[in-house]
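Q: Could you walk me through how to read burial, a pocket and a loop residue in a model like this one?
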Amino acid sequence: GNTFTGSIDDNTGSFSIKGTLTNKIVELSALGYYFNEVSGSLSNATLTLSALSDVTDISSVNVNLMTHLEKKRVEYLIDNSKMTFAAAKTQAQTEIMKIFNIDNVTLGNSETLDISKSGDGNAVLLAISAILQSDKTEAELTELLSTINTDIRTDGQLDSSTTKQKLLDGVHYIQAKIATIRSNIETRYSDLGMVASIPAFESYVLRLDTTVAPSDVDNNTYSYAIIGTQVWMAENLNTSKYRDGTAIPEEQDGDSDGVDAGSDYWSGLTTGAWSYYNNDSANGAVYGKLYNWYAVNGDVNGDGTKDKELCPQGWHVPSSSEFTTLINYLGGSNSAATSLKNGGNSGFNAISSPFRYGCGGASCNNGGFGSNSYYDRSFWASDNVSSSGAYLRISTADTPATSFVSNNDKKGGWPVRCVMD
């Protein structure tokens, strides 16, 4: 076939070639320096990436890490399985995404992907690029790409446990840098005078690490949301045990007269306990469990000291300052309230949840349960504030909706959301 040579025209990576193509399936190879989205700086050495592309209906090609990873596999499928070019591309892309535990995403033409634009395919490209880059030098990245290409060429599977661990190490390295990566890219495009809409790549980054999704000792698993630099449970905690397997007592009895409160009543407890809303176990699947603050503190002896951990390994009950970080990242009290509620754009998915009174008598519904739109999405924090415990209150009844950290009776029953360590 014919060979054409061109040069990269500018910092956007644009290039052009001169000549007449007689075949619309072309192989492209791009050599040059690149912007490292993880470090936020230009590379110290050049990188060579390749692509196979059908340019029948396109006039531009983006040579990227996905086109590079799929190339040898596509060639093998065409030569040995007699697949069409389009079918081979689709299969290779599906196999590569599976390596990163990504499914149900259709990339289409990988050479048209663009990390400066929104869309699931673009988000996948950015996530995979960040994982592969992580803290690697250009030489280390080149070696890793070559190793993956060779490994997956004949069967589409990554067999090397060493390479798998390198990818997982990459996830762990960039996990705390996700917000910085987004900022680095936004700054880069801004410096180039370009308008960019960086895709929502964050959740795809963590899919490779199956230990990210929390699972408690009752074998409940929870969805999660990446919000800024924090990773939050997107469901209310529903465990009946502390992290070490110690049972947390369920307390159903309230206090009807507000006088006889003692250790046999919810409002008389000074140790960890939980209850279902209305003492109905069916509500656990909807609201999780309602915990008193003593359970949040892991207090099993009633002496005010922390004995146990409530959240699963790798997760913890958030402090008020961590809730404040969450609110500030989402634009402050009003904006955060809208973003955090179910259906909001943060993924936190705070559903309207009931609570349990920490007192007895008629004014406290006999030590029973309540539901109030001014407290309808509230969660315990870990702070110990005298006789009270801190909590996040999201009130959608306010106009506009509000979210803020406040204090409440430790004896009350509220849901818990855990945040990653």
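Q: What share of the protein chain's residues is buried?
A: Buried means under 20% relative accessible area, exposed over 50%, partly exposed in between (1.4 Å probe, protein chains only). Here, buried residues are 47% of the 421 in the protein chain. Keep in mind that this is a predicted model: local features need pLDDT of at least 70 and side-chain atom pairs pLDDT 80 or more, while totals for chains, interfaces and linings use all residues. Residues are numbered from 1 along each chain as its sequence is written, and side-chain values use heavy atoms, with hydrogens and water left out.

Q: Which element gives the largest share of the lining of the second largest pocket?
A: Helices (H or I, at least four residues) and strands (E, at least two) are DSSP runs, numbered from the N terminus. In this case α6 leads, with five residues; α6 (178–191), α7 (202–206) and β7 (224–227) supply at least two each. The lining has 17 residues, and those nearest the pocket's centre are Glu-202, Ile-226, Ile-227, Gly-228 and Tyr-329.

Q: Is Pro-199 buried or exposed?
A: Pro-199 is buried, because its relative accessibility is 1%. You'll find Pro-199 in the loop between α6 and α7.

Q: And what does Pro-199 touch, leaving out residues up to four places away in sequence?
A: A contact means heavy atoms within 4.5 Å. Pro-199 touches, among others, Ile-115, Lys-117, Ser-118 and Arg-182. As for Ser-116, its C-alpha lies 7.1 Å from that of Pro-199, though the two are 83 residues apart in sequence.

Key: On a 1 Å grid over the protein atoms alone, a cavity is a set of points where a 1.4 Å probe fits but cannot get out, and a pocket is an open set with protein on both sides within 12 Å along at least five of seven lines; lining residues have an atom within 4 Å of a point.
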